[in-house]
Amino acid sequence: MPACSTDPDASGASGSPHAQDGLGGGEASLVLPDLSAARVAGLDGRLLLVAGMLVCLLGLGFGLATFLQLRRLPTHASMLEVAELIYSTCQAYLVRQGRFLLVLWAFITTVIVIYYRALVGFGWGRVGIVVVFSLLGMGGSYLVAWFGIRVNTFANARTAFASLRGRPYPVHRIPLRAGMSIGMVLISLELLMMLVILLLLPADVAGACFIGFAVGESLGASALRIAGGIFTKIADIGADLMKIVFKIDEDDPRNPGVIADCTGDNAGDSVGPSADGFETYGVTGVALVTFILLAVEDPGLQATLLVWLFTVRSAMILAAWAAYAVNSAWTRARYGTAERMSFETPLTTLVWLTSLLCVALTYLTTWLVLGGLGTGLWLRLATIVTCGTAAGALIPELVKVFTSTRSRHVRETVTSSRQGGASLNILSGVVAGNFSAYWLGMTVVGLMTAAYLLGSQSLDEYMLAPSVFAFGLVAFGFLGTGPVTIAVDSYGPVTDNAQSVYELSRIEEIEGIDAELRRGTQASPGLEPRWERAKLLLEDNDGAGNTFKATAKPVLIGTAVVGATTMIFSIIIGLTDHLRTGIENLSLLHAPFLLGLITGGAVVFWFSGASIQAVTTGANRAVAFIRGSIHLDAGAQRASVEDSRRVVEICTQYAQQGMLTIFLAVFFATLSFAFIEPYFFIGYLVSIALFGLYQAIYMANAGGAWDNAKKVVEVDLHMKGTALHDASVVGDTVGDPFKDTSSVALNPIIKFTTLFGLLAVELAVSLRSQGAGSLVTALAAVFLLVSVVFVYRSFYAMRTGGSPALDDLQEHEEALTEQETPS
């Protein structure tokens, strides 16, 4: 770790030749114990992990089979044409993002090579392992995101077509199947890659593999989340504002911003969450593996705990599959032929059923693997994990209190808008966000307190800082319902796109369409289209999608914060020589630590503003183009493909520009703060986690309340085109970047900063230990200056312009300046 201790025992039982030679290397020097030392019912623990690999392969098979089934579902050619146009624009976006990611990866690789090769003294082979696995981690995030887009763009047209029969069950089932396909592939692929490191690679390179893998995942998720969040909200605001300006529907085919909005639904609500979920699952696992290797001295216990962790993860995949199968059967039996259904009900039951099965399998698996270690140890650890699993079920319920179309906070937002217009609409959404931060924060604190109390009881016999391990296990439990969390989150972009596909297809206006649909085909039996009923079902289902998109966000941000606690411990244990020296520096009496706490808050608030500024600037450009190119004359049927692609290009341009500026500011700030002073950096990491938690919850749930308030006005009150509708649209455009840009991007930013900070602080301490303290100080100042330049540019290089009123104002200010300047 950063202390670069030459004591061979400084890293517990998991030392390495590098560490013992005084070369350091932190987590990359950690060596896995012999996993065969873990015995479960007399069997080699490695067999359980091999079984886990088979579970992962089954999960991948389930996801791919569901994907193929979705592709074979019937749709209409007009809808398929729109869906494929959306996919082609998504594809172009992802290709550009892939090139961009490689540029960012070059920055990270430079630091990796300088540190591990020049300062630590790793051979090129070990350095290459870190670099390759960072590429694999980033590539995993990218490929899962691509898979998610392909699944969603298959499902959107099929969902739109299914609505024509006028029954709600198929309209619910298709998006959920698509979501489960993504969830199972994502979680299974990530776990399989980690099991490959554990089982198939040499033990002395595992640390390098894990740290490279985690850094790459975080890089990919950070970039895709930020850029996707900016892209989707530029497009969404551009489409929404046309409702007020021209009094047209959001998905009016004549609006060239609609295709960009559909692309943005996938870029922001599919690409971002998929990459984020992949990274969250992986980084939490790496954090726990690192903790076990650093804090547990007995190699046999290390091996047993590692086998336990990954066996429980495998069991949770089975729990998610079983819960989905049972819930699907129940939903089909209850709603299969029903005329009405609450789209939120089966999603809620799926989350709770998965949580209950996860809890049951957690206790069973923990008893099997850890039952022989000590009186009550297995029970305490299983209960701690259950605290996290319970949070994964409780938090969505709390989120619905503030964001569901049936919640009192959302209804209050609508009621306020009746007399107070957009002003009171916005204030009511702010209230919902602030209240939600209190209740969700208290829930997380309560569950973490329970974990702390359980962890403080005799776990100190086995490891250092057992409370930190307990917090890490809470994050681990948060992710127990991983496939289902991703599934209900991915439900939203499919339902949103389905509405747009229906409108853009103009299927109702196709000559002879009723007769064509009644005839049917071999692949699609005939049907009697129920046009108005279909549109109502799609809008209602979109409200459920909005709600459950909102429920996944606090789960991911909560996991990031709790998991970051475990990673921060890895820095602390190295700086303090396994908590033997320097503990007094982790105190408010140590000025750098306090200053780090204050600095973190500043960065979180800047980040929130910078990401929204990128949306504001891009939306300004997009709206200007749309207003200038939209054709609403009597003969106009739909916007040209060229105009639609041009809006996509505008969104992509500003998404990448904003993301690059923000990322470089974060990158150089992390380097600078790590170089200033190690305990300053620890305070900074703690601060961004805490400020980020509440800022993200507040913004996400305020945005969710505004979004579904608009949905209530449109679906329940049928008041499109009224002043009330205009007010709700304005509130929604404020909430869009709140919930889908700033809040969600804080999650990967926290984890990337923590993970990359591990390398940065090691680099700084290594240089100081080699007598280069002056160089470190100079570099800290240079990096801070570069970061501030990008912070400055995140506003002043991203300002909106082109307004005659603003030009007049600037001329007036210049005239006043000339008058005040003495001749």
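Helices (H or I, at least four residues) and strands (E, at least two) are DSSP runs, numbered from the N terminus. The model is predicted: local features need pLDDT of at least 70, side-chain atom pairs count only at pLDDT 80 or more, and totals for chains, interfaces and linings use all residues. Residues are numbered from 1 along each chain as its sequence is written, and side-chain values use heavy atoms, with hydrogens and water left out.

**Exercise 1.** Determine in which helix Thr365 lies, and whether Thr365 counts as buried or exposed.

Solution. Step 1: Thr365 belongs to helix α9, residues 344–370. Step 2: buried means under 20% relative accessible area, exposed over 50%, partly exposed in between (1.4 Å probe, protein chains only). Step 3: the relative accessibility of Thr365 is 10%, so Thr365 counts as buried. Step 4: with contact meaning heavy atoms within 4.5 Å, Thr365 touches Thr311, Val312 and Ala315, residues up to four places away in sequence not being counted.

**Exercise 2.** Classify the packing of α18 and α19.

Solution. Step 1: two packed helices are described by the angle between their axes and the distance between the axes. Axes are lines fitted to C-alpha atoms, for helices over the stretch in contact, and angles run from 0 to 180 degrees between N-to-C directions. Step 2: helix α18 (residues 678–716) and helix α19 (residues 723–769) pack at about 160 degrees, their axes being 7 Å apart. Step 3: angles under 35 degrees count as roughly parallel, over 145 as roughly antiparallel, 65 to 115 as roughly perpendicular and the rest as oblique. The pair α18 and α19 is therefore roughly antiparallel.

**Exercise 3.** Classify α5 relative to α8.

Solution. Step 1: the axes of helix α5 (residues 168–200) and helix α8 (residues 299–335) cross at roughly 170 degrees and come within 11 Å. Step 2: α5 is therefore roughly antiparallel to α8.

**Exercise 4.** Which residues have the most contacts inside the largest nonpolar core?

Solution. Step 1: a nonpolar core is a set of buried Ala, Val, Leu, Ile, Met, Phe, Trp, Tyr and Cys residues joined through side-chain atoms within 4.5 Å. Step 2: the largest such core has 268 residues, and those with the most contacts inside it are Tyr116, Leu164, Trp308, Leu381 and Phe675. Step 3: helix α6 (residues 206–246) gives the most to this core, namely 20 residues. Step 4: a second, separate core of 8 residues includes Val410, Ala432, Ala705 and Val712.
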